[in-house]
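Reader: I am new to this structure and would like to learn how to read it. Could you walk me through it, one feature at a time?

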Amino acid sequence: MALLEVRDLEVHYGMIQAIKGISFDVEEGEVVTLIGANGAGKTTTLHTITGLKKATSGSIMLEGQNLLKTPAHKIVSLGMAHIPEGRRIFPTLSVLQNLKLGAYTRSDKKEIADTIEKIYKRFPRLEERKNQLAGTLSGGEQQMLAMGRALMSQPKIILMDEPSMGLSPLYVSEIFAIIKEISKSGTTVLLVEQNAKKALSIADRAYVLETGKIVMAGEASKMMDDESIKKAYLGE
């Protein structure tokens with residue numbers, strides 16, 4: 001049994017069908033990426049998995065539990081975190097306050113403090129700016145804060161939506177190195193990313209979405225060499 005199993009998922013916005021019966025798995029410890037053009041349904045897929053969007057039909061199982069029957073606010077406590085597109089940090093709260101909010105499903109104050117220290121070791125800049133308002137951070141630092149906040153819930157799997165969006169090339173490379181590090185430390189990652197080349201370079205497997213359907217799936221390294229992928233998504 002895969003950690004996350006999506007089966008025959010269909011999602012509508014009114015009369016428009018955004019997701020057309022997709023199925024995919026994410027195994028424990030993997031980095032799996034969904035790539036595709038704007039409007040392909042990548043963000044809708046993540047929103048449906050995390051309960052922000054209601055599915056029309058299908059199933060989404062996390063360790064055998066059907067998430068479609070689980071309220072969105074309870075999904076975090078099952079071991080899933082979501083870093084949304086645009087980061088969605090709380091700009092008028094400090095870095096530390098943002099991190100603490102990420103641990104709202106936990107109650108042991110000592111364990112929460114220990115996790116904050118681990119976050120600071122992974123993201124030293126967050127410790128340097130812990131009392132700074134989150135809205136005054138650079139884009140790259142805000143992305144690190146969004147990642148740190150997600151890790152505060154000690155998730156088994158993190159869903160990341162466009163983590164490199166709007167970042168300088170230097171920060172993009174740093175963010176992808178951090179994603180790889182998060183995976184190596186034992187957290188599974190489902191990644192939606194417009195920068196297909198970077199996503200494929202760190203992923204174990206990939207699925208290609210086109211207008212709500214999965215049209216290709218396989219090992220990420222092999223997709224990097226696929227001529228149709230190069231032409232459509234890698235700018236080659």
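Predicted model: local features only at pLDDT ≥ 70, side-chain atom pairs only at ≥ 80, totals over all residues.

Reader: How many helices and strands does the protein have?

Author: There are 10 helices and 10 strands. The radius of gyration is 17 Å, close to the 18 Å that the globule rule gives for 236 residues, so the protein is as compact as a globular protein of that length. Along its principal axes the C-alpha trace spans about 45 × 40 × 35 Å.

Reader: What share of the residues is buried?

Author: Buried residues are those under 20% relative accessible area. Here they make up 48% of the 236 residues.

Reader: Now the strands, please. Which strands pair with strand 3, and in what sense?

Author: Look for the partner on each side and for the direction. Strand 3 (residues 31-35) pairs with strand 8 (residues 188-192) in the parallel sense over four bridges, and Val32 stands opposite Leu190 there. Four bridges also join strand 3 to strand 9 (residues 205-210), again running parallel; in strand 9, Ala206 is the bridge partner of Thr33.

Reader: Are the faces of strand 3 covered or open?

Author: Both faces are covered: Val31, Thr33 and Ile35 are buried on one side, Val32 and Leu34 on the other.

Reader: Where can I see antiparallel pairing?

Author: Go to strand 1 (residues 4-13) and strand 4 (residues 57-62), which pair in the antiparallel sense over five bridges. Glu5 stands opposite Met61 in strand 4. Strand 4 also pairs with strand 5 (residues 65-66), antiparallel over two bridges, with Leu62 opposite Gln65. Those two strands form a hairpin with two residues between them, and Glu63 in the turn has a positive phi of about 50°.

Reader: And a helix? How many residues of helix 6 are buried?

Author: In helix 6 (residues 139-151), 12 of the 13 residues are buried. Among them are Glu141, Met144, Met147 and Arg149. The buried residues pack against several elements, including strand 6 (80-83), helix 4 (109-122), strand 7 (157-161) and helix 7. From first C-alpha to last, helix 6 reaches 18 Å, close to the 18 Å expected at 1.5 Å a residue.

Reader: What should I know about the nonpolar core?

Author: In soluble globular proteins, nonpolar side chains tend to be buried together. The largest nonpolar core here has 47 residues, of which Met160 and Ile179 touch the most other members. Helix 7 (residues 169-184) gives the most to this core, with seven residues. Apart from it lies another core, of 27 residues, with Val26, Ile49, Leu67 and Leu159 among them.

Reader: Which residues does Met160 touch?

Author: Leaving out residues up to four places away in sequence, Met160 touches Leu46, Ile83, Met147, Ile179, Ile182, Val189, Leu190, Leu191 and Val192.

Reader: Let us finish with one residue. Why does Thr44 count as buried?

Author: Thr44 counts as buried because its relative accessibility is 12%, and the cut-off is under 20%. Thr44 lies in helix 1 (residues 42-49). Not counting residues up to four places away in sequence, Thr44 touches Val11, Tyr13, Ala18 and Ile19. Thr44 and Ile19 are 25 residues apart in sequence and 7.7 Å apart in space, C-alpha to C-alpha.

Methods
Residues numbered from 1 in each chain as written. Heavy atoms only, no water. Core = buried A, V, L, I, M, F, W, Y, C linked by side-chain atoms within 4.5 Å. Buried < 20%, exposed > 50% of the residue type's maximum accessible area, 1.4 Å probe, protein only. Contact = heavy atoms within 4.5 Å. Expected span 1.5 Å × (residues − 1). Rg over C-alpha atoms; globule rule 2.2 N^0.38 Å. Pairing = 2+ DSSP bridges.
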